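Please look over the structure below before reading on.

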Amino acid sequence: MGIGASIFLLALGAILAFAVEADISGLDIGVIGWILMVAGLAGLIITLWFWNSRRRTVVTRERPVATPGYTTEYREVRRDDGPPPPPPAYS
């Protein structure tokens with residue numbers, strides 16, 4: 001579930017819980033609204049958690065002390081958090 005669907009469920013649940021005063025036999029519209037709001041909130045939290053745990057590239061730069069007679073260089077190390085992607089498929 002994406003952020004848009006989660007916000008939609010939250011809004012729809014709030015409308016049903018707080019703004020609708022309809023009576024349907026066997027259904028409580030307020031309870032359905034609360035259930036939709038809880039589902040939307042859970043979907044939003046899970047979506048944000050997955051977005052936060054996506055793969056990141058960590059770059060570390062080291063600058064050595066310049067010594068007379070040597071050029072100043074820096075080393076850059078790239079590390080991906082997670083396994084590399086699979087190779088492309090040949091067709």
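Q: What distance separates the end C-alpha atoms of H1, and what span should its 16 residues have at 1.5 Å a residue?
A: Helices here are DSSP runs of H or I with at least four residues, strands are runs of E with at least two, and both are numbered from the N terminus. The expected span of a helix is 1.5 Å times one less than its number of residues. For the 16 residues of H1 this should give 22 Å, and the distance between the end C-alpha atoms agrees, because it is also 22 Å.

Q: Which residues of H1 are buried?
A: This is a predicted model, in which local features need pLDDT of at least 70 and side-chain atom pairs count only at pLDDT 80 or more, while totals for chains, interfaces and linings use all residues. Residues are numbered from 1 along each chain as its sequence is written, and side-chain values use heavy atoms, with hydrogens and water left out. A residue is called buried under 20% relative accessible area, exposed over 50% and partly exposed in between, with a 1.4 Å probe and protein chains only. By that rule the buried residues of H1 are Ser6, Leu9, Gly13, Leu16 and Ala17.

Q: Within what arc do the buried residues of H1 fall, seen down its axis?
A: The arc is taken from the directions that run from the helix axis to the C-beta atoms. The face turned away from the buried side of H1 carries the exposed residues Gly4, Phe8 and Phe18. The buried residues line one face of the helix, because they fall within an arc of 100°.

Q: Against which helix do the buried residues of H1 pack?
A: Packing is judged by contact, which means heavy atoms within 4.5 Å. In H2, the buried residues are Ile29, Gly33, Leu36, Met37, Gly40, Gly43, Leu44 and Thr47, and these pack against H1. The buried residues of H1, in turn, pack against H2.

Q: What is the relative accessible area of Ser6?
A: Ser6 has its place in helix H1. Leaving aside neighbours within four places in sequence, Ser6 is in contact with Met1, Gly40, Gly43, Leu44 and Thr47. Ser6 is buried, and its relative accessible area is 0%.

Q: Is Thr47 buried or exposed?
A: Thr47 is found in helix H2, and, not counting residues up to four places away in sequence, Thr47 touches Met1, Gly2, Ile3 and Ser6. With a relative accessible area of 7%, Thr47 is buried.

Q: How many residues apart in sequence are the parts that the pair of Phe18 and Trp34 ties together?
A: Rings of Phe, Tyr and Trp (its six-membered ring) pair if their centres lie within 6.5 Å, and planes under 30 degrees apart count as stacked, over 60 as edge-to-face and the rest as tilted. A search of the whole structure finds 2 aromatic pairs; one of them joins Phe18 and Trp34 edge-to-face, at 5.5 Å centre to centre and 85° between the planes. Phe18 lies in helix H1 (residues 3-18) and Trp34 in helix H2 (residues 29-52), so the parts tied together are 16 residues apart.

Q: In what order do the elements of the protein run from the N terminus on?
A: The secondary structure of the protein comes to 2 helices and 2 strands. From the N terminus on, the order is α-α-β-β.
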